[in-house]
Amino acid sequence: MAEVSNKQVIFKDYVSGFPTEADMYITTSTISLKLPEGSKAVLVKNLYLSCDPYMRARMTYTHTSYIGSFNPGSVLNGFGVAKVLESGNPNFSKGDLIWGFTGWEEYTLITSTETLIKISTTDVPLSYYIGILGMPGMTAYAGLYEICSPKKGEYVYVSSASGAVGQLVGQFAKLLGCYVVGSAGTKEKVDLLKNKFGFDEAFNYKEEQDLGACLKRYFPAGIDIYFDNVGGKMLDAVLPRMRLHGRIAVCGMISQYNLEKPEGLSNLMNVITKQVKIQGFLVRSYYHLYPKYMEMVLSHIKEGKIVYVEDTVEGLDNAPHALIGLFSGRNVGKQVLVVARE
């Protein structure tokens, strides 16, 4: 059997507090490019890997995580785009391009093939399948359309708005005729929101001493929809600004991931008095809508109605740097790790 070297990113040990690049290391092993006899697995060459905020939760040991912790001493895994080299699964053939769960390594033997989706549309960048055409795109779609049901003229606020999900939520809301404000952590990102993604307004939350006063300034009539990516103090500041029958989609809480003691909320009474709906969600519950989403979003892309910004890092050697950068806001747009381009 032909064996080749296989560079890998290994998770060192469980993390408390803020993760660092030292919590991962690079090694090289070997892998056979032939499937074991009778195997139903799929052997792939990884092309693009996705750096996502939810991966921080997997660095901490827990029995309750919806996706499971990383295993110390093992290869990290997550969403990626790959090319099939060998397949024992009748749904996939040699040469197919797929996206789904794979290892942070050059080659992966995927035994759990349930998450894999064959790529049929290739006249867009393949990296889009870990962004706008993959999990982040479906997340934006599910949270905005399915949970918040926006109506023309409503007031929409998006936190962490320049990230993989937020940039899409804002653009989708604008296409539906909403007034959209986003927040981000640098001037560059604020400019991107207004000048590239077409948000009506945007602000740098790090420059605001009083988040409540800031939100009152941008939403004098209140907020109908809040797409929450950060939680914590921002969510607490939003609650008093919500309008009657407002909706909050709780997508992520990146402000809390590195805290040993999560922050509480003090403004929850507004949920009762304003009859606000708050709903957390996991994108995997909405993948049955993927064909419907693809039909919508591909037409928007081809008509130039939606743009998508990626922050690209080359090579597995730079994987720890790329992943850790998410938690300090170093990335601008969707963080993509390029393993190979073909």
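## A buried salt bridge

Asp 52 counts as buried, at 3% relative accessibility (buried is under 20% relative accessible area, exposed over 50%, partly exposed in between, with a 1.4 Å probe and protein chains only). Its salt-bridge partner is Lys 334, at 2.8 Å from N to O (a salt bridge is a side-chain nitrogen of Lys or Arg within 4 Å of a carboxyl oxygen of Asp or Glu). The pair links distant parts of the chain, 282 residues apart. Lys 334 sits in strand β15, and Asp 52 in the loop between β3 (42-50) and β4 (77-87). Lys 334 also counts as buried, at 1% relative accessibility.

This is a predicted model: local features need pLDDT of at least 70 and side-chain atom pairs pLDDT 80 or more, while totals for chains, interfaces and linings use all residues. Residues are numbered from 1 along each chain as its sequence is written, and side-chain values use heavy atoms, without hydrogens or water.

## Other salt bridges

The count comes to 13 salt bridges. Glu 263 and Lys 233 form one, with the closest N and O atoms 2.4 Å apart. Glu 263 lies in the loop between β12 (242-250) and α6, and Lys 233 in helix α5 (residues 232-238), so the pair ties together parts 30 residues apart in sequence. Glu 263 is partly exposed at 32%. Lys 233 is exposed at 56%.

## A lysine without a salt bridge

Lys 274 lies in the loop between α6 (269-273) and β13 (277-280). Lys 274 is buried but has no salt bridge. The nearest side chain of opposite charge, Asp 224, is 11 Å away (Lys and Arg count as positive, Asp and Glu as negative; His and chain ends are not counted). The Lys 274 side chain reaches the backbone oxygen of Met 242 at 3.1 Å.

## Helix α2 and its strands

Helix α2 (residues 166-175) is mostly covered, with eight of its ten residues buried (helices are DSSP runs of H or I, at least four residues; strands are runs of E, at least two; both are numbered from the N terminus). Among the elements its buried residues pack against are α1 (135-148), β8 (155-158) and β9 (179-184) (contact means heavy atoms within 4.5 Å).

β8 and β9 pair in the parallel sense over four bridges (pairing needs at least two DSSP bridges). Tyr 155 stands opposite Tyr 179 in β9. Five of the six β9 residues are buried, so β9 is largely enclosed by the rest of the structure.

How values were computed
A polar contact is a pair of N or O atoms within 3.5 Å; within protein, one must be able to donate a hydrogen and the other to accept it, and residues adjacent in sequence count only if both atoms are side-chain atoms.
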